[in-house]
Every structure is written in C-alpha cells, then in structure tokens.
Amino acid sequence: MILLAKAALGLGGTLVIAGAYTMREGVIRVDVDEYRSGGSHVHVWVPAAAVPMAMHFVPREHMRHAVEHAREFMPTARAIVKELKKFPDADLVEVVDGEQHVQIRTHAGKLQIDVEAPSEKVHLLCPLATLDDVSRQLEFNAPGA
Amino acid sequence: MSNCHRGFFAKTTFIAAAALVLTPLGALAQTAAPASSTPSSSERATTSASKDRWLHVRVISSDAKGETVRVNVPLELAEKVLPTINKNRLHNGKVRIDCAHVDDVDLKALVDAIRTAKDGEYVTAQGNDSDVRVAKENNHLIVHVLEKGKSRKSQVEIKVPMRVIDALFSAGKDELDLVAALHALSAQGDTELVSVKAEDNTVRVWLDSKNVTD
C-alpha cells in the first residue's frame, strides 16, 4: 500500500512539475472565426514549451524545405524577435479603418496580433521566447549551417 | 514521527502541491485573457529606459471611415532590423537612389552647402495659394508649407536635425544611409519631425522615450 502511495506521489509530482514547466513557458493561442456560412472556426491552444521540442521530431527534409521557403525573411524575423524581447510592452502597429481593426503589439513577453473585421476575427498570441527558439532551430537546420 | 508531525507534514505537502498546480493556471488565465481585457494604452503608458528612443507615426483621417494608423517603433529595433532587409533598392540599411542628380540638382552638394551655411532663411515664397519657407535654425532644417487654396487648406511642417541629414547622406554618392540617420536621430531629444494638418487628415511623426502614441 505504501509502495503504491509512493509511486502515485512520484507520478503526481512529475506530472505537476511537467505541467508547471509547460505552462510557465506560456501558451500559443490561435483563434480564427469566419462569420459566413461554412466559415471555419479554429481555436488552438498549444503549450509553447512543446513547440521547440516537437520540432526535433520533424523530419530533417521537411525542416529544410520550410527553411528554404522562409530563408529570405529569417534574418529579419530573428532580428525583430531578438530586439522586441528587450523592450517593454508596446502597441507597435494599430490600423483602424471603418469596421476593420488590426493591432500588433507585445504584451507580457508575447507577440499579439489581432485582426477584427465584420467577416472574420483572428487572434494570434505567441511568446517571443518561443519565436526566438523556433527561428534559431530553423536557422540551425538551414542548408550549409 | 508522531501523528501531530505527520499531519503537519501532510498538510504542508498538500498546500505546496496545490500552489504548484494553481500557479500555472494563473499564468494560463493571464495568457488567455482576450485582447479586450488588456489594459488601455494610457494605463500601460510607461517611459522606457532613457536610452530607448521611440519613433511614433500617427495618421488620422477625418473622412467617413475615420481611418487611423498608429505606429510605435523603438529606434534601436529599426537600427538592428533594417540591415537584415536586402530587397530591391534597400541593402545593408542603405537605400540606393539611382539618380543623385534629381532634375539636374546635385542633392549631395546641396546638403553640403546647407550644412556649411549659417542659420537663415533659404526660401521664402508667399503667394495667393501657398506660402513656402525653407530655413536653417539651431542646426535644424525647417520646411514649412501652407496651402491657402479655397478648395484645399493644409499646413506641412518638417523639422529635421542637420546631424540626421548629414548621416543620411554619409554613405556614398548614390545612397542614403538609413541606419546612420536613425542612429543620429537616437541621439536627439524629444522632437517633432513631421506635422501635416489638412482638412481631411493629420499626420504626425515624432520622437520621444515613451512606448505609447499619446
């Protein structure tokens, strides 16, 4: 009985620590709502810590393919993410045009992109640290790196 | 271990475990807060460390749609990011201008002449439709245009530090060094660079150490 309790405590403790680590890194959140008949409604929450780990399991060939597509923008993306981490929260871009509203901002170490229009609503939230990790891994997998 | 100690130990363990479980939930709730629940700009208004300089652009259109554009960019970020963009005429933070002689005017020579000249009025034109004034004052190049037409009234004011203009033309004959200009700009104090006031829209470009527009 005591052995069982110890095993349960060990398992529970591991789960709690793993959960705490996963959530400490934050969550990547993607919400897409299209307000039309047959429009898609996508709501995805992914623990940010899982993304760089999951990237290790992506076949190298697929990774290289992705890098080749993104190669042109990689240095710029990396520089933006690296720099944004240094600055306090800010509304970087805000465009309001009638009923359309686009906002790009940093908030609590996350990049937040909101697009609101009568026909659709898109919210994207991603920790800057995750973007940095992902861009670093993509760069690492670039041919000739 | 006595029953009393065992109970105390069990309670402490339970509280610690509960705190561990609930902490990430709190962080999650914070993360998941919708955009609308985040504090307003004024609530989040902070002044960055004094070395951080922010370039602000605000365009407000007073037409029926009421279009508004607000951009807040840290100068340091722009300085670091610009050299990474190599597309078309932009390369290594410099932009190529194929013809430095615009309509037979040597821009670089013109800038050199202004830089070495003393403060004063260079162009003053007053007409029925518009007034134009180009001057150099306290190491700033000032351009002032006032349109007075019946159909269209507008006021344009541009005030650029000479150091920024020097840095902009410091690259080569047919290039403008944007990064050098941004670097020179970051050494300036709070300043309003461009102000356009027209009937249908207003444009404002300015520099300060705040990370919010107003």
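The legends below describe close-up views of a predicted model.

**View 1. Chain B as a whole.** Chain B holds six helices and 13 strands. Of its 214 residues, 14% count as buried. Take the contacts in chain B between residues at least 6 apart in sequence: 47% of them join residues at least 24 apart. For the complex, the predictor reports an ipTM of 0.80 and a pTM of 0.77.

**View 2. Confidence along chain B.** The mean pLDDT of chain B is 79, and 73% of the residues reach at least 70. Among the elements of this chain, β2(B) has the highest mean pLDDT, 95. Helix α2 (residues 41-44) of chain B has the lowest, 47. Over residues 20-43 of chain B, pLDDT stays under 50. The model has 27 contacts beyond four places in sequence for this stretch. Where pLDDT is low, predicted coordinates should not be read in detail.

View 3. Strand β1 (residues 54-61) of chain B pairs with β2(B) in the antiparallel sense. Seven bridges link the two strands. Within this pairing, B:Arg58 stands opposite B:Arg70 in β2(B). Six residues lie between the strands of the hairpin. There, B:Gly66 adopts a positive phi near 60°.

View 4. On the chain B side, the partner of β2(B) is β1(B), joined over seven bridges.

**View 5. The largest nonpolar core.** This core has 24 residues. B:Leu168 and B:Ala181 touch the most other members. The largest share, five residues, comes from α6(B). In soluble globular proteins, nonpolar side chains tend to be buried together.

**View 6. Contacts of B:Ala181.** Set aside the neighbours of B:Ala181 within four places in sequence. B:Ala181 is then in contact with B:Val164, B:Ala167 and B:Leu168. B:Leu168 and B:Ala181 are also the two residues that touch the most other members of the largest nonpolar core.

Notes: Residues are numbered from 1 along each chain as its sequence is written. Chains are lettered from A and ligands numbered from 1 in the order in which they are written. This is a predicted model: local features need pLDDT of at least 70, side-chain atom pairs count only at pLDDT 80 or more; totals for chains, interfaces and linings use all residues. Two strands pair if DSSP finds at least two bridges between them. Helices (H or I, at least four residues) and strands (E, at least two) are DSSP runs, numbered from the N terminus. pLDDT is the predictor's confidence in each residue, from 0 to 100. Two residues are in contact if their C-beta atoms, placed from the backbone, lie within 7 Å. A residue is buried if 20 or more other C-beta atoms lie within 10 Å of its own, exposed if 12 or fewer, and partly exposed in between; C-beta atoms are placed from the backbone. A nonpolar core is a set of buried Ala, Val, Leu, Ile, Met, Phe, Trp, Tyr and Cys residues joined through C-beta atoms within 7 Å.
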